[in-house]
Amino acid sequence: PVEEEKPPVEEKKPIEEYKIDIPKVNGKNGYYTQKPKIMICHVSEAGVTKYCLKQGDKKLEEKTLKEKGEKVLIGEKKFLEGKNVLHIWMEDEEGKKLEKYETRREFLVDTKAPEIQMSVPNGFDAWYQGQVFLAATGEDTGSGVAKISCREGERNLGSINRSQAEFVISQPSTQGKGIDVAIVAEDKAGNRSERIKTLFIDRTPPEIKTTGIKNYMITGKSVNFTYEIKEDNKLQEFYAQTLWENVNGKKKQLPSTGWKDNSTGKVFKQTLKNDGIYHMKVLAKDVSGHVSEERFQVIIDKTNPVIRYVETLNGQQLKKFKWDYPVNQMIRDFTTYVYEMRVDGKLYHMGEVIDSEGRHRMTVKASDAAGNKAQMTADFVVDHTAPEIIFRNIEGGEAYEEERTFKVELAGREDMFRQIQINGESQKIDSQKKVYEYTLHTCKDYEVTVKARDRAGNEAVKSI
């Protein structure tokens, strides 16, 4: 028998795995910060290559590649923010899935940088004293905020690995210009965003400089003074006040206008001329609320001290000398003063008694706190000897047969008659004369009584 020839069995073509081109992750923590482009190529003559791109339950793209060499590009637009899952597999001619050629890849996509919120207690237009707390928040709907950093001017203040942070800003402003503060937020994918705000910080109060005056100064001249206010940034308020109290206690507010600008701030000049007490105040306040204030008291006293009562002593004759006027009545001055009393060149203590007879000189000197000086001098005589009464050309107890003219004399230059009586009858006398003359005519007994006193008040009585 002859064997029949069997038809040749057609061999199945082998299935080759597809090729896929996936770009490297360009972000951090497995994230793409730029959406990827995926190239899939079907290289097998047999079978098909299929893929499906999904996000959750949502299909973004699916396709089947049948022809050898067929390629497909899954472009950027197909990927959504977040987690994208690409499923690739192959099937044979019968539609059976070939597990060994199955691939699942996750693509984490975050292309958006975080949004930044910044806040300070009183807003960014306000001025702050010394420092301010800046609160910063990063908001990110993708991978989430990884850290927040802060830069103050050119100085880095550090980073915090969370989505909220607070930084202390203390760099001072100058010339009214704010400090730029930058907040940088970075998400887990590596996207960065930066937001810059300007803050105004004033760390020092205005400086008040005065020339020409000192607190509690006392002077005997007019005063020319200057206030100068220096401020690194901006002044909000400034003024000067001068309250004048004259020597009689009457008060008056003096005008304080005439402020002028200079290179560093403000300057004010004023002249004080009249005697009295000046209560002065200057204040400066900057826009951050710092306040500087200076107060002064200035006394102008151009008048010499007034020494009282001494002139009434000059030329007096006294039984004894004792000076006990209260000092505050004897010496008058608008300011404080020092004084000195001397009698005959020696220091005299108030209330001391001087009874040595003769001429004396008292000198009182006073010098006030402003340097004004005064001096008074008085000459006086101490005399505690009674006047001497002298009868001439007559003797007591004598009898005369003819009319008799007699004289009464006073020995001292400063003595004076107070009364002359002859037989009880007062005679007319001239107090300026030192000699009294009288003639006895009638035959009878006579009694002559003479009273005298000197300028010191000493008295004498003599009868014959």
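Start by selecting Lys407: with a relative accessible area of 35%, this residue is partly exposed (buried means under 20% relative accessible area, exposed over 50%, and partly exposed in between, using a 1.4 Å probe on protein chains only). Before you click on, note that this is a predicted model, where local features need pLDDT of at least 70 and side-chain atom pairs count only at pLDDT 80 or more, while totals for chains, interfaces and linings use all residues. Residues are numbered from 1 along each chain as its sequence is written, and side-chain values use heavy atoms, with hydrogens and water left out.

**Stop 1: salt bridges**

Lys407 and Glu437 form a salt bridge with their closest N and O atoms 4.0 Å apart (the term covers a side-chain nitrogen of Lys or Arg within 4 Å of a carboxyl oxygen of Asp or Glu). This pair links distant parts of the chain, with Lys407 in strand β36 (residues 404-410) and Glu437 in strand β39 (residues 435-440), 30 residues apart. Strands (E, at least two residues) and helices (H or I, at least four) are DSSP runs, numbered from the N terminus.

How many salt bridges does a search of the whole structure find? The count is 18. As background, side chains of opposite charge can pair when their charged atoms come close.

Select Glu45 and Lys68 for another one, with the closest N and O atoms 3.6 Å apart. Glu45 sits in the loop between β3 (38-42) and β4 (48-55) and Lys68 in the loop between β5 (58-65) and β6 (70-74), so this pair ties together parts that are 23 residues apart in sequence.

Then go to Arg192 and Glu186, a salt bridge whose closest N and O atoms are 3.5 Å apart. Arg192 counts as exposed at 54% relative accessibility, whereas Glu186 counts as buried at 8%.

**Stop 2**

Show residues 415-422 as cartoon: that is strand β37. β37 belongs to an open sheet of four strands, in the order β38-β37-β40-β41, with antiparallel pairing. The strands at the edges are β38 and β41 (459-463), each with a single partner strand, so one side of each is left without a neighbour in the sheet.

Next, bring in β40 (residues 448-454), which pairs with β37 in the antiparallel sense over seven bridges (two strands pair if DSSP finds at least two bridges between them). Pick Ile420 and look across to Val450, its bridge partner in β40.

On to β38 (residues 425-426), joined to β37 by two bridges and running antiparallel. Here Ile422 stands opposite Glu425. Two residues separate β37 and β38 in this hairpin, and Asn423 in the turn has a positive phi of about 50°.

**Stop 3**

Most residues other than glycine have a negative phi, and most peptide bonds are trans. Select Asn29, which is not a glycine but has a positive phi of about 55°. You'll find Asn29 in the loop between β1 (19-21) and β2 (31-32), and it counts as exposed at 59% relative accessibility.

Jump to Tyr216, another non-glycine, with a positive phi of about 65°. Tyr216 lies in the loop between β17 (207-211) and β18 (217-219) and counts as exposed at 59% relative accessibility.

**Stop 4: a buried glutamate**

Buried or exposed: which is Glu152? Buried, at 0% relative accessibility. Glu152 is in strand β12 (residues 145-152). Show its side chain together with that of Arg155: a polar contact of 2.5 Å joins the two (N or O atoms within 3.5 Å; within protein, one must be able to donate a hydrogen and the other to accept it, and residues adjacent in sequence count only if both atoms are side-chain atoms). The Glu152 side chain also reaches the backbone nitrogen of Gln171 at 2.8 Å.

**Stop 5: the largest pocket**

Finish by selecting Glu398, Tyr400, Leu440, Lys444 and Tyr446, which lie nearest the centre of the largest pocket, among its 20 lining residues. On a 1 Å grid over the protein atoms alone, a pocket is an open set of points where a 1.4 Å probe fits, with protein on both sides within 12 Å along at least five of seven lines; lining residues have an atom within 4 Å of a point.
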